[in-house]
Amino acid sequence: MENQVHPAWKHAITYGIYLGIALIILSLLFYVFDLYTANWTSYITYAVLLGGVVISAITYRDKHLGGFITFKQSFIVGFYTAIFAGIIAAIYTAVFMSFAGEEVKAVILKKAEESMIESNPEMTDEQIEMAMNWTGKMMNPVWLTVISLLSNLFFGAIFSLLGSIFIKKESSTIENNQ
């Protein structure tokens, strides 16, 4: 009987759901504790995304591949996990911004304007107004959902690449079935 390999995408769906839920919970905690405008919270989000991608690839290696995995296999399972988590997080973003969007949008725009003035005090009122108009246009649920998905995919790919460097464990007798 031929050795059956569990498809990476099936494994990634499960871990992508777990990771997506973790990202949603983290986002809700930031919202409840009024931390969603703090810059440092993005580092925690990235750490959770990195951790989820790495845990998924390690679990796939140990559970389905007998403890051995190539760089390519590790990257694929990590990236698939990020894709599924990104889709879940993007759906959450769309729903959240549809319900709580105006309140969040007002706070974020105010913080953006303050940051703009603080970083570049020579800006004219017209320049600030133009920049705030563009920022306001980008704060609608559709754009934020697209940005959320693309951000998760970009960082998921980077974290999958970085994680795969350390996760790969090749055997001289491994038969690559994928």
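Helices here are DSSP runs of H or I spanning at least four residues, numbered from the N terminus, and the model in your viewer is a predicted one.

Begin by selecting helix α3, residues 71–119, and pick out Lys-110 and Glu-114, which both lie in this helix, 4 residues apart, or about one turn of the helix. Display the two side chains and you will find them meeting in a salt bridge, with an N to O distance of 3.1 Å. Side chains of opposite charge can pair when their charged atoms come close. If you then colour by accessibility, Lys-110 is exposed, with a relative accessible area of 51%, while Glu-114 is partly exposed at 44%.

Next, select Arg-61 and Asp-62, where a further salt bridge is found, its closest N and O atoms being 2.8 Å apart. Here Arg-61 has a relative accessible area of 11% and is therefore buried, since the cut-off for that class is under 20%, whereas Asp-62 is partly exposed, with a relative accessible area of 43%. With a limit of 4 Å between a side-chain nitrogen of Lys or Arg and a carboxyl oxygen of Asp or Glu, the count for the model comes to 2 salt bridges.

Finally, move to helix α5, residues 141–167, and select Asn-152, which has its place there. Is Asn-152 buried or exposed? Its relative accessibility is 11%, so Asn-152 counts as buried. To see what surrounds this residue, show Leu-23, Leu-49, Ala-82, Gly-86 and Ala-89, which Asn-152 touches when residues up to four places away in sequence are not counted.

Terms used
Residues are numbered from 1 along each chain as its sequence is written. This is a predicted model: local features need pLDDT of at least 70, side-chain atom pairs count only at pLDDT 80 or more; totals for chains, interfaces and linings use all residues. Side-chain values use heavy atoms; hydrogens and water are left out. Buried means under 20% relative accessible area, exposed over 50%, partly exposed in between (1.4 Å probe, protein chains only). Helices (H or I, at least four residues) and strands (E, at least two) are DSSP runs, numbered from the N terminus. Contact means heavy atoms within 4.5 Å.
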